[in-house]
Amino acid sequence: MLTRLCATLVTTVIMPVVLVISLTSVTFASTVPVITVLSPVTRNVSSPVRVVLDQQGNYYVTDSRAGGVSKFSTYGRLLKTIPTPLAPLGVAVNDQGGLLVSQGSYVAVLDRNGAESSRLGSGAGQFKKANGIAIDANGYIFVADSLDDNIKVFTSAGQYVTAIGSTGTAAGQFTMPTAITYEKKYNQIVVADTINGRVQFFDASSYAYVKTIGRLGSKPLQFTSPQGVTFEYDAMGNPTRMYVVDTFQSTIQAIDPVAGTFLAFISDFGTANGQLVVPGDVAFDPSNKRLIVTNGYGYLTMFGIDGGTNPTKTTPPTLVIDPVAANVAVPDITITGTVESGSDVTVTTGTTAVASPVAYTSATTWTCSVTGLVPGTNVITASAVDGAGNTASQTATVIYTLPAPSLTINSGLPTLTRIPSLTLTGTVDAGATVVVDQSSVSGTVTGSAVITDTSWSYEATLVEGSNTLTVSAQTPGSSKAVVTTSVTLDTVAP
């Protein structure tokens with residue numbers, strides 16, 4: 001396992017680098033974090049590389065052996081795998097909820113459904129090896145090009161702007177930059193300058209170099225292969241800690257990012273839970289105060305920070321189907337409803353009717369088209385699964401009634417007659433049955449007409465006085481077509 005994972009890394013070339021730390025005025029003090037080893041995520045993880053969180057707390061992991069980018073709920077349940085044509089490296093979430101995924105010579109821009117909508121990396125912005133991706137507060141996109149030794153900048157629309165840095169060891173230069181992240185308080189782009197063993201800060205607006213933290217080595221504030229960076233903020237939005245993954249040391253350093261001082265080492269090399277084997281990236285989950293680390297041993301290692309834990313949930317998600325008409329005369333309907341945020345809804349039918357994939361009009365509202373209702377009763381079931389795997393279901397019953405068949409009755413029937421025998425004829429849709437109800441002073445007599453193809457006939461024996469003849473036609477599952485005529489039989493001589 002270790003041999004396989006290390007094969008994906010570039011051998012480190014040791015070069016002397018001078019530690020440069022440009023201190024910002026410190027208005028708060030960072031403390032040593034209290035670390036708790038939490039349960040890891042081992043299922044549905046194969047070769048995790050990079051990790052990023054969205055605003056809902058879901059996290060996305062680039063995992064080539066899993067087939068692309070794996071989306072996990074905050075509870076660690078796999079929600080879906082978004083396939084990529086090439087092995088994915090860096091990943092970021094844009095403000096539309098879509099993904100940007102590094103694909104070597106380009107960055108794929110994917111919509112919320114995982115479909116590629118555009119690419120970064122044509123013309124002047126061509127990549128040699130696109131790696132880490134960060135997006136600033138204005139939507140500008142920053143991509144580390146590990147083999148071109150620079151950071152390429154794009155607008156939110158994907159237009160190439162410029163490149164930051166060049167090959168070298170001086171401040172503002174890079175040798176194989178890998179990870180990149182956005183520090184929101186001071187509007188800075190922070191880059192793991194991997195072969196140079198340091199982390200460099202740049203102004204996100206002017207692209208000017210700001211400062212460096214770290215140098216080559218294995219002691220505090222020294223790195224042999226920094227490849228992951230993330231920030232923790234206090235309630236006022238101040239960055240209190242920076243966490244840097246050192247891949248070759250299999251550890252994480254907690255650092256005060258403003259003062260540039262070392263706080264603690266987190267973890268060491270090993271295969272037990274809480275230990276790391278060539279970790280690749282780290283993300284801080286502010287909602288649960290934990291670090292999510294892509295462990296090269298083949299799973300995600302979780303560390304609680306200052307009492308942080310893995311979230312749990314045992315209650316089923318709330319799920320509602322909006323009122324549905326009990327009786328419909330069309331075979332296609334749309335059902336809608338609401339569901340607990342973060343849950344997935346599927347719709348099934350108990351017949352041959354087909355339910356489309358559920359679409360979401362907001363985080364809590366959903367809609368689904370059901371086509372091909374069968375005549376009669378249709379039971380439609382909506383099922384919801386939340387991020388923790390809890391389920392809920394609701395049903396709706398819809399009776400689909402076919403339109404009434406066409407029905408005619410022969411014209412020219414007498415309204416008054418002295419002949420008791422009367423022949424009724426007419427036309428009807430194929431497959432229908434025709435029934436005649438004859439009402440008189442003697443009561444009601446019901447009989448079935450004789451049908452030949454689309455013609456029908458019925459011999460009625462009239463009763464003295466008024467006779468009301470009600471002719472109805474119906475196909476299986478349809479409503480009735482009804483035609484009524486009245487005939488008076490008078491056999492008494494004047």
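User: Which residue in β23 stands opposite Asp256?

Analyst: Thr261 does. Please keep in mind that this is a predicted model, where local features need pLDDT of at least 70 and side-chain atom pairs count only at pLDDT 80 or more, while totals for chains, interfaces and linings use all residues. Residues are numbered from 1 along each chain as its sequence is written, and side-chain values use heavy atoms, with hydrogens and water left out.

User: Why are β20 and β23 said to stand at the edges?

Analyst: The open sheet has the order β20-β21-β22-β23, with antiparallel pairing. β20 (226–233) and β23 (261–266) each have a single partner strand, so one side of each lacks a neighbour in the sheet.

User: What makes β22 largely enclosed?

Analyst: Buried means under 20% relative accessible area, exposed over 50%, and partly exposed in between (1.4 Å probe, protein chains only). Six of the six residues of β22 are buried, so the rest of the structure largely encloses this strand. Both faces are covered: Thr251, Gln253 and Ile255 on one side, and Ile252, Ala254 and Asp256 on the other.

User: Why is the contact of Asp306 with Arg241 called a salt bridge?

Analyst: The term asks for a side-chain nitrogen of Lys or Arg within 4 Å of a carboxyl oxygen of Asp or Glu. Here the closest N and O atoms are 2.9 Å apart, so the pair qualifies. Asp306 sits in the loop between β26 (299–305) and β27 (319–321), and Arg241 in strand β21 (residues 239–246), 65 residues apart.

User: Are these two partners buried or exposed, and how do you know?

Analyst: Asp306 is partly exposed at 30% relative accessibility, whereas Arg241, at 3%, is buried. In another salt bridge, Asp193 with Arg198 at 2.7 Å, both residues are buried.

User: What makes the group around Leu319 and Ile333 a nonpolar core?

Analyst: A nonpolar core is a set of buried Ala, Val, Leu, Ile, Met, Phe, Trp, Tyr and Cys residues joined through side-chain atoms within 4.5 Å. The largest has 21 residues, and those with the most contacts inside it are Leu319, Ile333, Val345, Val347, Trp366 and Leu373. Of the contributing elements, β35 gives the most, with four residues. A second, separate core of 19 residues includes Leu407, Leu424, Val428 and Val436.

Notes:
Pairing = 2+ DSSP bridges. Helix = DSSP H or I, 4+ residues; strand = E, 2+ residues; numbered from the N terminus.
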